[in-house]
Amino acid sequence: MARGYMGEILEVNLTTGEIKVEELDLKLCHDYIGGYGLGAKLLYDRMPAGVDPLGPEAILGILTGPLTGTPALVGSRFVVVGKSPKTHTWGDGNCGGYFGVALKTAGYDGLLFSGISEKPVYLYIDEGESDLLDAGDLWGMNVTELEDAIFEKHGSDCQVISIGPAGEKISLLATVMNDKERAAGRSGLGAVMGSKRLKAIVVRGGMTIPLHDTRKINHLRREYMRQKMGFYDTLHKWGTAGITADSALSGDSPVKNWGGAGTVDFPMEKAKKISDDSVISVKDYRPYACSSCVIGCGGRLRQDSGPYALEYNDRIGHKPEYETLCMLGTNLLNDDLPSIIKLNEICNVVGIDTISLGGTLGYVIECYENGLLTKQDLDGLEMTWGNAPAIVEMTNKIIAREGVGDKLADGVWKAWERFGKIGTEYAIHVQGEELPAHDPRFTPGLAATYLLAATPGRHTQGGELLGPPAGLELDVVDKHDYGAQGKNHYKLVTSLETSQAAGLCMFGYLSFPYHALRDQLNAVTGWEFDDEDILKAGERVFTMRHLFNLREGHNPLTRNVPGRMIGDPPLTEGNVKGVTLDLKALVNAMLEELDWDRETSIPSDARLKELGMDFAIKDKLGWDVPVPA
Amino acid sequence: MVTIKIPQIWRLACQNEPMVQVQPGSLIQVLQALVERYPMLNQYLFTPRQELQPTLNIFINQEHTRYRGGLQATLQDGDEIYIIPMITGGS
């Protein structure tokens, strides 16, 4: 029997209140590993196509991987899965902290929620015992207040995931939060949780996670720690905040809503104010690490004075990380670090995605600066580049859904529709997901990732030349040789898929030798995966999430592509000036490696057979998939 | 002299020096001089075939070498080289 799994998932019907324990199919685990791989297969099998993501038939899943909670480097992750109400595609959000480990040691590899509760509830699990409890007095609380209330009632040794008021109000920016400040941020799955009136999940665990070879996995942990490399030093010292200034210079981070250049619009003297040492030298800074993580990329700081003093947790909050520093910093030409720290707190306590918020605000600012929106349209706010007070005030309107904030509270795509479809070129999203802070004009492979991955606009899905872990052999290819990157792209994407489905943190994947993934997975589960098996499992995970979309009638090749994502037209300044990507060449190179049809993106029968996904050969006959014009 | 700013993640390989100064020349000559002084940097800068690692981005006075002639770019006294290994950030 495969180890690393607890062997059970909990099915909760929120309409009837029924809670069922189901044995986990370990054959499925071998094929799809865990996390969003397993989640995609389970939801594909249990959810019909075409359901309303906010309706009772929609299923919300919380899943761990076989390496979550084990000594593996770095086994701290869980994932939230479902159909995204934002993109109407497969949706997932990955998160660290301590909840995933607690869930497993409480006895469960995952939780599946269907139905809609008549009243607000929360699920309480105490080592196998589970109950749906009344959340009437918790509804309306922000994330911090909620966790404090839970700790007072149930003890501070539990772990909590929850939604804040944003999820309760069904904002499509809503996240699922853990440990007050860790977010399963993307895909708007906090809104799904809110639609079910599920306020929180509280777990207490103390069981032992079975391991195939305890001695081996402990040895591997020590051995690979000695071989840490790559990103480790930067993450350990600064977290991802360590790369902000470099990325503004290089062209990696978006500047001025993807329309500017770091060297001109956000030069080093500005960028340094919201990067590396500037961030960790804020008062009372202390590093934070997720469960058993040796990297410790997180950190908390105190901001107790000035116009952006923090409000909660004794004026202590998590430091803003790269994505937040860029989307609310470089992207908005905002070099005011205290305002970004405050915005981070606001987003964390109400539970909204900082990336999506930044993309939405960038659109609003650029429309205002170009006369497409007026002060009157924006409730009197002067939304100009770098205007930190206005940015914070608008964010407060968004979280309250007050005035113009109600138009903006569901992201840039909805905002664009609600404003009468103005400023289309300023709405930087793919299929409704605001792009994260890594520019494909700098890392061309990401263009194919943003377009093809089941979750659109997602940078944590691998991409060509994305600083691969040592030991993953890639061809030496110029990043602007667009048609030549398929093989590398395939390896980067599929290896990362396996890593994430296993419950490992992407930063572990980037900080330790590549074979740590294979060796640790085998040591924990007892499987004997070789390098090819790792990639094939990852391809199966990537494909399964894609099949969910195809069955929904969604073809990623028909997604919108913002011109600024691919340099159409190219920038005229900065370090990615003159770059226009050949997106078709990038995408076709990957489609060839995956053996997906170039028009429909449907995998070939031969490839589905090879992956052991024969069910899809029959299923696809009934799919109605649009093709690009 | 040409100043090469060493990325934080490489500093253990060059005795924690944040920057190194070498004689002017072409970019490839300058990088080779750096490797001569700190041989451990060779694996970060060059592939086994001694081509520049594709995951590196090198800037001369904040302008990408792509716009300055690549490895044959000429560096003069006072020029600064900034090396950024390609990595990703999250959250």
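Two strands are taken to pair if DSSP finds at least two bridges between them, and strands themselves are DSSP runs (E, at least two residues), as helices are (H or I, at least four residues), each numbered from the N terminus. In this predicted model, local features need pLDDT of at least 70 and side-chain atom pairs count only at pLDDT 80 or more, whereas totals for chains, interfaces and linings use all residues. Residues are numbered from 1 along each chain as its sequence is written, and chains are lettered from A in the order in which they are written.

The predictor assigns the complex an ipTM of 0.81 and a pTM of 0.95.

In chain A, 6 strands form an open sheet of mixed pairing, in the order 2-1-6-3-4-5. Strand 2 (19–23) and strand 5 of chain A lie at the edges with a single partner strand each, so that one side of each has no neighbour in the sheet. Strand 1 (residues 8–13) of chain A runs antiparallel to strand 2 of chain A and is joined to it by 5 bridges, and A:Leu10 stands opposite A:Val21 in strand 2 of chain A.

An automatic or database domain assignment divides chain A into domain 1 (8–204), domain 2 (232–427) and domain 3 (445–622). The centres of domain 1 and domain 3 of chain A, taken over C-alpha atoms, are separated by 26 Å. Their contact, for which the C-beta atoms of two residues, placed from the backbone, must lie within 7 Å, takes 37 residues from domain 1 of chain A and 33 residues from domain 3 of chain A. On the domain 1 side, helix 2 of chain A gives the most, with 7 residues.

Helix 19 (residues 445–452) of chain A is largely enclosed by the rest of the structure, because 8 of its 8 residues are buried, that is, 20 or more other C-beta atoms, placed from the backbone, lie within 10 Å of the residue's own. The buried residues, among them A:Leu446, A:Tyr450 and A:Leu452, pack against strand 16 (429–430), helix 20 (486–501), helix 24 (563–566) and helix 25 (583–594) of chain A.

Between the chains, the contact takes 19 residues from chain B and 28 residues from chain A. On the chain B side, strand 4 (56–60), strand 5 (63–64) and strand 7 (80–85) of chain B each supply at least two residues.

Methods: Buried ≥ 20, exposed ≤ 12 C-beta atoms within 10 Å, placed from the backbone.
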